[in-house]
Amino acid sequence: MDEVFRALADPSRRRLLDSLNERSGQTLRELCAGLDMARQSVSKHLTVLEEAGLVVTVRHGREKLHYLNAAPVNAIADRWISQYDRHRVRVLADLKTALEETSMDKPRFVYVTYISTTPERLWQALTEPAFTKRYWDTTFTTEWTTGSPMTWDNHGVVLTDPEQVVVESDPFRHLAYTWHSFTPELAERFGWDAGFLATIAAEPRSTVTFDIEPAGDSVVKLTVVHDGFAPGSTIAEMVSVGWPNVIASLKTLLETGDPLPA
């Protein structure tokens, strides 16, 4: 927490975060173009922000893309804001969003958090129904091998589709799968009207990826990347709000034994 506050104390670093909040996924060159700072200065500030966990990077071909990371902001909100007056600072919720309106070949949502657990336990929490039901109210029926089909039980609605598949599976290290279909039954469950259902059902199927890395004694770094969205994607907006809540509840479950309240 101290590293986060020290990083935020510098106005130049706050400007970088503002830039990434407006348009995440920028290269160093793009960040320099938008700020009156030398490339070396921007690079040094980004290093401080990365060390504080406020910025994360993703390699995309030869480019290094920078994303605003919501996890430390959520931690500040949970520790400080919730004790005082969360309603008056609701505007800070915008900082939880790590997406941009760009082409669909660039990752749209990137979220990094650190969890006091082991890679094996985190893998269980991501795949086993006994875990996913508790923090997500969602379960999966699949063999968890690359190419295997997935049946989702999403808040009581069973979703089957041949395009719901495990894309990559390396137990305790890496997992990726395609997102679920949007059906009339799911729309009824969540109260979506026909127009909204038609909009999201017409979008291309996206993919979520989880990378699990040991980060110390009984600490694991979890990186969640959700991409494959079309420009102007409504689903991208939905998951950018949903994922921070799901991941926070997952972290709380593993560290305390209980998920966050629904």
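User: Hi! What's the bridge partner of T207 in β9?
Analyst: That's D227. Keep in mind that we're looking at a predicted model.

User: Got it. How many bridges do β8 and β9 pair over, and in which sense?
Analyst: There are 8 bridges between β8 and strand β9 (residues 220–227), and the pairing is antiparallel.

User: And what's going on between those two strands, in the hairpin?
Analyst: The hairpin has 5 residues between the strands, and G216 takes a positive phi near 135° there.

User: Which residue stands opposite F210 in β8?
Analyst: L175 does. On that pairing, strand β7 (residues 174–178) runs antiparallel to β8 (residues 207–214), with 5 bridges joining them.

User: Nice. Which residues of α4 are buried?
Analyst: V42, H45, L46 and L49 are the buried ones. Seen down the axis of α4, they fall within an arc of 105°, so they line one face of the helix.

User: What do they pack against?
Analyst: Their partners are α1 (2–8), α2 (11–22), α3 (28–33), β1 (55–60) and β2 (63–68).

User: And which residues are exposed on the other side of α4?
Analyst: Over there you'll find Q40, K44 and E51 exposed.

Terms used. Residues are numbered from 1 along each chain as its sequence is written. This is a predicted model: local features need pLDDT of at least 70, side-chain atom pairs count only at pLDDT 80 or more; totals for chains, interfaces and linings use all residues. Side-chain values use heavy atoms; hydrogens and water are left out. Buried means under 20% relative accessible area, exposed over 50%, partly exposed in between (1.4 Å probe, protein chains only). Helices (H or I, at least four residues) and strands (E, at least two) are DSSP runs, numbered from the N terminus. The arc is that of the directions from the helix axis to the C-beta atoms. Contact means heavy atoms within 4.5 Å. Two strands pair if DSSP finds at least two bridges between them.
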